[in-house]
Each structure stands twice: as C-alpha cells, then as structure tokens.
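Student: I've just opened this one and I'd like to talk it through. Can you show it to me?

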Amino acid sequence: MKKYFSPCPIETVLNLIGNKWKFLIIRDLLKDTRRFGELKKSISATKNQDISQKVLTQNLRELEEARLVKRKVFAEVPPKVEYSLTPLGQSLESVFDSLALWGENYKKLA
C-alpha cells in the first residue's frame, strides 16, 4: 500500500488512480456495482477501443490492493463476481464531479 504514497498529495492520488483505465473503472463503479463483463463492455464503449481482459484484471487488482474497489465472489456455477467501490473509493465521487465540471468548462472555452 505504501508504494502509492508520495510527499506530494497530488502525486499520491495519481499513483493510485492516474491512468485512463482506472479512471473509467471508478467512474462506472460510482454509478453501480458491476460484473467484470459489464465493466469491460462499458469501458470499451466509452473509449471506442477494447480494454483487454488482462489489462482490466490488472487494474481491478491494483484498485483492490489500494482498498478502493472490493470484489465479491458468489459461490455458484458458473462463478459470479461483482465489483463495487469501498467507502474509501466512494469518497472519490466529489473529485470526479469536480473533474467532470472542469472538463465541461474546458470544452466550452477551448
């Protein structure tokens, strides 16, 4: 967990969620709990490019390790797995709202 820490708080945030895939994963999980396939489909539709299963899995594991995402496995056949944000992950909602507002303003002014 400490591998994400930096003396600069902004760098700490970027270490945790600073790639395009993690942003999109968190954005989708802020809306609702999702299964792996739902996340893959939604993210791929947004970016107009497919996120590979390997990359999605790697990013989900890193977000789990950082305690931002939780993974729930159901004991059934075929296996069912759901992903959701932890309370710590949910605390990013105001950050994402601010970024969305800034992005909308930028598109108007640029």
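**Strands, core and a helix face**

Tutor: Strand S2 (residues 69-74) and S3 pair in the antiparallel sense over six bridges. This is a predicted model, where local features need pLDDT of at least 70, side-chain atom pairs count only at pLDDT 80 or more, and totals for chains, interfaces and linings use all residues. Residues are numbered from 1 along each chain as its sequence is written, and side-chain values use heavy atoms, with hydrogens and water left out.

Student: Why are S2 and S3 said to pair?

Tutor: Pairing takes at least two bridges found by DSSP between two strands, and S2 and S3 have six, so they pair. They also form a hairpin with five residues between them, and Val 69 sits opposite Leu 85 in S3.

Student: What makes the largest nonpolar core a core?

Tutor: A nonpolar core is a set of buried (under 20% relative accessible area, 1.4 Å probe, protein chains only) Ala, Val, Leu, Ile, Met, Phe, Trp, Tyr and Cys residues joined through side-chain atoms within 4.5 Å. Here that set has 23 residues, and Ile 17, Leu 56, Leu 60 and Tyr 83 have the most contacts inside it. Helix H2 (20-31) is one of the elements giving two or more residues; H2 gives the most, with five.

Student: Which residues does Leu 60 touch?

Tutor: Contact means heavy atoms within 4.5 Å. Leaving out residues up to four places away in sequence, Leu 60 touches Ile 25, Phe 36, Leu 39, Val 69 and Tyr 83.

Student: How do you know that the buried residues of H1 line one face?

Tutor: They are Thr 12, Leu 16 and Ile 17. Seen down the axis of H1, they fall within an arc of 105°, so they line one face of the helix.

How values were computed
Buried means under 20% relative accessible area, exposed over 50%, partly exposed in between (1.4 Å probe, protein chains only). Helices (H or I, at least four residues) and strands (E, at least two) are DSSP runs, numbered from the N terminus. The arc is that of the directions from the helix axis to the C-beta atoms.
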